[in-house]
Amino acid sequence: MTEHAENAAAFVANGERLQWHDKAVWFMRNKRDVARAAVPEWEALRALASQIKAHTISRLAGYLEQFEKNALAAGAQVHWARDAEEHNQIVHGLLEKHEVTRLVKSKSMLTEECHLNPYLEARGIEVVDTDLGERIVQFRKEPPSHIVMPAIHLKKEEIGVLFHEKLGTPEGLADPKALTEAARQHLREKFLAAQAGLTGVNFAIASTGGIVVCTNEGNADLGTSLSPLHIACMGVEKLVPGPQELAVFLRLLARSATGQPITTYTSHFHGPRPGTELHIVIVDHGRSKMLAREEYRSSLKCIRCGACMNTCPVYRHSGGHSYGVTVPGPIGSVLAPHIDPKKHASLPFASSLCGSCTDVCPVKIDLHHQLLAWRGELAAKGLVPLGKRVVSRVGGWVLARTWAYRFFGKLTRLFAPLLPSALLGPWGRQRDLPKMPRESFRAQWRKRAGPR
Ligand code: SF4
């Protein structure tokens, strides 16, 4: 089995969790559909967002320089990092210079990607993730399983047990309100004691030099307003040309992510507050490589809304941890092979290629086409297991010949219902296999059409 399939098998083995995870994630997909239906110009917005991103990444160097110039003019300090190692060194250098030993952090997928927490902890700095979901997975010493809902793989009862152990809540407490209140009290102490606040960046505005951070808990605002040092880490692709373009993305982001019209807090930082410092760390970490590859370039348009995960049948049925990367799901399976094609060769195959991810993506990234392109490229590089290559060849041969398609189709209709469920493995056992009709499609069609 490939790496993703092996990890997924462990997740799928717990049928109850699988069904529950599927429902929880699909619930978010439904909320997105309702929010989308309330905006008649949705498709025009998506097209516009896609065009703005295409324009921005086609002139990325110019926009980055413009952003730096304006951010400096607003009083921020700008740092450039080629890769994760450089990013971590810069952040650590800033904390060291300010003698910081306690840092509060709001959600930042980039810092997860760079493994910043273990880097800082190894150097004696206490790092506290202040997003509730992030704090839960931090307590469990595991990575987030979803980019918007990091602890979506956990039930409230499991969180109750965790909080009892870590925060001393009463044994058996599983009421989400009470658990959230316990986390709030715990985090309040951490906010008050912090010497620096670190945030991610959802959008960076080239024409003003400002950055925008979207959260639902207000933790980014609390973390940055209570301490004298704010470090904001962003990938080079976070740029938008100006405030007008920003408005397009703000309308799409929260609706696509959670079905909300807008995130509860959309915080704008234009330079530091008086008496404090704002440092913006701009990180490449493989993004320039993607920019240079035309067939995958559009993946840089991603605004990390998570909608492609919520709709993906493979993500919903295998869980975020099965991907083994910071960003799971369809977009993660496109991004990861850029970093290490050999290690992540199984990910582009973790897709049914149904195209649902492409349909929901607010910036119109052709995700399923990119996954297919990766499959071809990885096979050409000899990174696909022999069994998968043989099956693909045989499948291609059958699909190219009508008689073979009909013949094997009949065989499948005859024998699939007779397969004992034990042969299907954990994945197949939890599925309702369709009852295969024994009549040919032509006979069924004639019956339905009635006498002529
Ligand atoms: S690829 Fe599209 S749908 Fe997926 S996270 Fe990025 S913006 Fe959202």
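I started with Glu16, which is exposed at a relative accessible area of 57%. My cut-offs were over 50% for exposed, under 20% for buried and partly exposed in between, with a 1.4 Å probe and protein chains only.

I noted that this is a predicted model, where local features need pLDDT of at least 70, side-chain atom pairs count only at pLDDT 80 or more, and totals for chains, interfaces and linings use all residues. Residues are numbered from 1 along each chain as its sequence is written, and side-chain values use heavy atoms, without hydrogens and water.

**Entry: the salt bridges**

How many salt bridges does the structure hold? I found 19. Each is a side-chain nitrogen of Lys or Arg within 4 Å of a carboxyl oxygen of Asp or Glu.

I looked up the partner of Glu16. Lys155 forms a salt bridge with Glu16, and their closest N and O atoms are 3.0 Å apart. Glu16 lies in helix H2 (residues 15–37) and Lys155 in the loop between helix H8 (132–139) and helix H9 (156–167), so the pair ties together parts that are 139 residues apart in sequence. Helices here are DSSP runs (H or I, at least four residues), numbered from the N terminus.

**Entry: a pair within one helix**

Next I took Glu43 and Arg46. They form a salt bridge, with the closest N and O atoms 2.8 Å apart. Both sit in helix H3 (residues 42–58), three residues apart, which means a separation of about one helical turn. Is Arg46 buried or exposed? Arg46 is buried, at 6% relative accessible area. Glu43 is partly exposed, at 35%.

I then checked Lys381. It forms a salt bridge with Glu377, the closest N and O atoms lying 3.2 Å apart. Glu377 is buried at 16%, while Lys381 is partly exposed at 46%.

**Entry: H19 against H20**

Last, I turned to helix H19 (residues 386–399) and helix H20 (residues 402–415). Their axes come within 6 Å and cross at roughly 110°. I used lines fitted to C-alpha atoms over the stretch in contact, with angles from 0 to 180 degrees between N-to-C directions. H19 and H20 are therefore roughly perpendicular (65 to 115 degrees).

Which residues make the contact? H19 brings Trp397, Val398 and Leu399, and H20 brings Trp403, Ala404, Tyr405 and Phe408. Contact means heavy atoms within 4.5 Å. By class I noted seven nonpolar residues, no polar and no charged ones.

Key: Helix = DSSP H or I, 4+ residues; strand = E, 2+ residues; numbered from the N terminus. Parallel < 35°, antiparallel > 145°, perpendicular 65-115°, else oblique. Nonpolar A, V, L, I, M, F, W, Y, C, P; charged D, E, K, R; others polar.
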